[in-house]
Amino acid sequence: MNIRSNMLFSEAQKILVGGVNSPVRAFKSVGGSPLFMKKGQGPYLYSEDDQEYIDYVLSWGPMLLGHADPDVTKALLEAVQKGTSFGTPSQLETQLALLVQNFFPSLEKIRFVCSGTEACMSAIRLARGFTQRKLIVKFNGCYHGHADSMLVAAGSGSLTFGHPDSAGVLEEVAQNTLVLDYNDIASLKKLFETKGPQIAGVIIEPVAGNMGVVLPKEGFLQTLRELCTQYNSVLIFDEVMCGLRVHLGGAQALFNITPDLTCLGKVIGGGFSSAAYGGRADIMAFVSPLGHVYQAGTLAGNPIAMTAGIATLTKLKTHGLFEKAIEHTQALTQGMSDRLKRKNLSYVLNSVGTMFSLFFTSHPVSSLAEAKTSDTALFKTYFHHMLNQGIYLAPSQFEANFMSTVHSEKDIQNTLSAFEKAIQ
Ligand SMILES: *Cc1c(COP(=O)(O)O)cnc(C)c1O
């Protein structure tokens, strides 16, 4: 099985670092060799060994409409023939910006960039430029791309000052990032009481997806909003993953909380390298060329990425399309829960909108520490049992799984049958 994938991985490892261009693709946390895919169609991926998989990774979130959506593909084919990048403004940027604003009204002004990393990095620089303050607060288990100031882990004991979580990140950079536990309201309040006037901004995944799916507790985001308002710190919602996943208006619509800045990516790129940050007009006015916070991009807002985004967001407005994907997510997670209960297994299934994670722990998961109580060896076994039955799940306990608008009831039934066997 997977003979060609194994061979291609060996070849790739000779020239590409670790054989991949993004670490989690290497299957390190589940073991074995990654599958090489050659085609995606609807909810399915096809491997080099001609196996079909029901895909719940969806390129780590972006492919909400499934692979090779006919409308997106048609728009792209037409766009490509007109040139792929001009390095000038094009009306497509304004069109997509208006669509994005339609879904996320808090984005009074928008800037397109090429990756979620860039969106978060730029939003952080902007928060510092706007407030003339140094400190940024983030939460354990949240991922905001790989900019230096975000590759920071919590210090030991009562220290909240961060230390580098990657070689190459300077101690002095990490020290200006404070790290708190997700959903820890008391520590958040305490931190603002002591350091509030120095805090430039707080960045958070308002629904976390990068430690597996973790929901904010009642009052957590509200408290965060109130503290940021009280201390004039910039509240940044990193909705790169959860925007257009938990709700078409993102977590900010789902929980009715307005951040000062929002980072978007993944789905709004329609499968291309595109992301955005935006928010309050008075803050965004600090970005170049209007203001003195510098940020630029050769391929930012290019016509291909904009076309993919426009086609994707336009289609998402189709009545009932997104709701169906949510219903399918609920049918799948409910089916999984029922089967676990019948076997007397008490695992935790966190799910919201079109995202879900099954944690192999009996402890409720509302923070990274709790997620880490999961049995990762058991996850490994589960993952490979599912994979062997043609179900492609995220290859780590600490990643989210995604539903598309094209997964059918049949796909869900097939997934549940495989699940039943896997949990034997
Ligand atoms: C994926 C992700 C990013 C980084 O986006 P890239 O396009 O991979 O750079 C940032 N924040 C969150 C919440 C993400 O899920």
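**Ground rules.** I am working with a predicted model, in which local features need pLDDT of at least 70 and side-chain atom pairs count only at pLDDT 80 or more, while totals for chains, interfaces and linings use all residues. Residues are numbered from 1 along each chain as its sequence is written, and side-chain values use heavy atoms, with hydrogens and water left out.

**Entry 1: H2 and H10.** I began with helix H2 (residues 70-80) and helix H10 (residues 303-316), whose axes come within 9 Å and cross at roughly 155°. For my own reference, helices are DSSP runs of H or I with at least four residues, strands are E runs of at least two, and both are numbered from the N terminus. Axes are lines fitted to C-alpha atoms, for helices over the stretch in contact, and angles run from 0 to 180 degrees between N-to-C directions. On the H2 side I found Asp71, Val72, Ala75, Leu76, Ala79 and Val80 in contact with Ile304, Thr307, Ala308, Ala311, Thr312 and Lys315 of H10 (contact means heavy atoms within 4.5 Å). Sorted by class, that makes 8 nonpolar, 2 polar and 2 charged residues (Ala, Val, Leu, Ile, Met, Phe, Trp, Tyr, Cys and Pro count as nonpolar, Asp, Glu, Lys and Arg as charged, and the others, Gly among them, as polar).

**Entry 2: H3 and H10.** Next I checked helix H3 (residues 91-103), which packs with H10 at about 35°, the axes being 9 Å apart. H3 passes H10 in a left-handed crossing. The H3 residues that meet H10 include Leu96, Leu99 and Phe103, and among their H10 partners are Met306, Ile310 and Leu313. By class I noted 10 nonpolar, 4 polar and 1 charged residues.

**Entry 3: H11 and H14.** Helix H11 (residues 321-342) and helix H14 (residues 409-422) have axes 10 Å apart, at an angle of about 20°. The two are therefore roughly parallel, and they cross right-handed.

**Entry 4: the ligand.** Which residues are around the ligand? I listed Ser115, Gly116, Thr117, Tyr143, His144, Gly145, Glu205, Asn210, Asp238, Val240, Met241 and Lys266 (each has a heavy atom within 4 Å). I then looked up polar contacts, pairs of N or O atoms within 3.5 Å. A side-chain N or O atom of Thr117 is 2.7 Å from a ligand oxygen, and one of Lys266 is 2.6 Å from a ligand oxygen. Tyr143 uses a backbone N or O atom, 3.1 Å from a ligand nitrogen.

**Entry 5: backbone details.** Most residues other than glycine have a negative phi, and most peptide bonds are trans. The Ser288 to Pro289 bond is cis, with omega near 10°; Pro289 is in the loop between helix H9 (281-284) and H10. Asn232, not a glycine, has a positive phi of about 55°, and I found Asn232 in the loop between helix H7 (220-231) and strand S10 (234-238).

Notes: Polar contact = N/O pair within 3.5 Å; in protein donor to acceptor, adjacent residues only side chain to side chain. Left-handed = near helix turned anticlockwise from the far one by under 90°. Parallel < 35°, antiparallel > 145°, perpendicular 65-115°, else oblique.
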